[in-house]
Amino acid sequence: MVPKRHLWFPLALTFIAAPVNAETIQVTIDKLVFSPATVEAKVGDTIEWVNKDMFAHTATVKDGWDVMIPPKNSASLTLKAAGAVDYFCRFHPNMKGHIAVAP
Amino acid sequence: MLTRHTAALAALLLLGTAPLAQAADKPTDPQIAHIAYTAGVIDVEAAKQALKKSKNKEVLAFAKDMVRDHEAVNKQALDLVKKLKVTPEDNATSKALTKAATEERAKLAKLKGAAFDKAYVDNEVAYHKQVDGALETLLIPSASNAELKSLLETGLKIFQGHEQHAEHVASMLK
Ligand SMILES: [Cu+2]
């Protein structure tokens, strides 16, 4: 396993800018809680919120993006800019999450 | 006027719950289910009044959120009581809540425009605060069924969220 991992490293570096390398990171919403509440991602990654509640929620950044997440459904956003963002639900501002976006 | 109403609601809640302070008189699960359900119905009715009377975009959006969320919680509550074969039981606290809400709606019915919007949203803040308190200090600790307790805990988070949402709308009306 160890030698294989070493082989992967240069490959990963080669393709780092290509979209094929982008990941989808899931954040689950259950009983008005984002989990994990904090995620680390990079530009080009997609956050997918999976809403298990019977309630509609949003993932909203003040003066930034706003994603509607319907009940028992999911919604996605591809991260375009680097930096750390705090987001919340407009309907239930006590729901909070954080994404650290690496360049 | 609002302060008086809030105080009245607080007093009513206290009156309704004061005898329940003794362990022997804790509300039963059927009573708790009734109180929680009633609290939701009241907020839906208040929202429907706002949907008819208000012209403010933020207020209308907030009222729609209230209808949607409280109907969703109450649907879950009805499903749960059916599953548990519990019949919600009317009680003094539910009656006091309904009476205070009926009076509040009559008062709001006389207001128009910005005065209505402000009174509605301010009352929403106060009302959600009251229900949060009742859920936290009385209903959740008294619930004996684990599923009912869990639904009440979700309800508390919804009510707390709405309280903050209402505060945000109130700040925009100023
Ligand atoms: Cu929400």
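**Helices and cores of a predicted model**

Q: Which hand does the crossing have where H5(B) passes H6(B)?
A: H5(B) passes H6(B) in a left-handed crossing, which means that the near helix is turned anticlockwise from the far one by less than a right angle. This is a predicted model, in which local features need pLDDT of at least 70, side-chain atom pairs count only at pLDDT 80 or more, and totals for chains, interfaces and linings use all residues. Residues are numbered from 1 along each chain as its sequence is written, chains are lettered from A and ligands numbered from 1 in the order in which they are written, and side-chain values use heavy atoms, leaving out hydrogens and water.

Q: Why are H5(B) and H6(B) called roughly antiparallel?
A: The axes of H5 (residues 113-142) and H6 (residues 146-173) of chain B come within 9 Å and cross at roughly 155°. Angles over 145 degrees count as roughly antiparallel, so H5(B) and H6(B) are given that name.

Q: What residue classes make up the contact of H5(B) with H6(B)?
A: This contact has 15 nonpolar, four polar and 11 charged residues.

Q: Why does B:Ser94 count as buried?
A: Buried means under 20% relative accessible area (1.4 Å probe, protein chains only). B:Ser94 has 1% relative accessibility and therefore counts as buried. B:Ser94 lies in helix H4 (residues 92-109) of chain B. Beyond its neighbours within four places in sequence, B:Ser94 is in contact (heavy atoms within 4.5 Å) with B:His34, B:Ile35 and B:Thr38.

Q: Which residues have the most contacts inside the largest nonpolar core?
A: They are A:Ile47, A:Trp49, A:Tyr87 and A:Ile99, in a core of 27 residues. E1(A) gives the most to this core, with three residues.

Note on methods: Axes are lines fitted to C-alpha atoms, for helices over the stretch in contact, and angles run from 0 to 180 degrees between N-to-C directions. Helices (H or I, at least four residues) and strands (E, at least two) are DSSP runs, numbered from the N terminus. Angles under 35 degrees count as roughly parallel, over 145 as roughly antiparallel, 65 to 115 as roughly perpendicular and the rest as oblique. Ala, Val, Leu, Ile, Met, Phe, Trp, Tyr, Cys and Pro count as nonpolar, Asp, Glu, Lys and Arg as charged, and the others, Gly among them, as polar. A nonpolar core is a set of buried Ala, Val, Leu, Ile, Met, Phe, Trp, Tyr and Cys residues joined through side-chain atoms within 4.5 Å. Buried means under 20% relative accessible area, exposed over 50%, partly exposed in between (1.4 Å probe, protein chains only).
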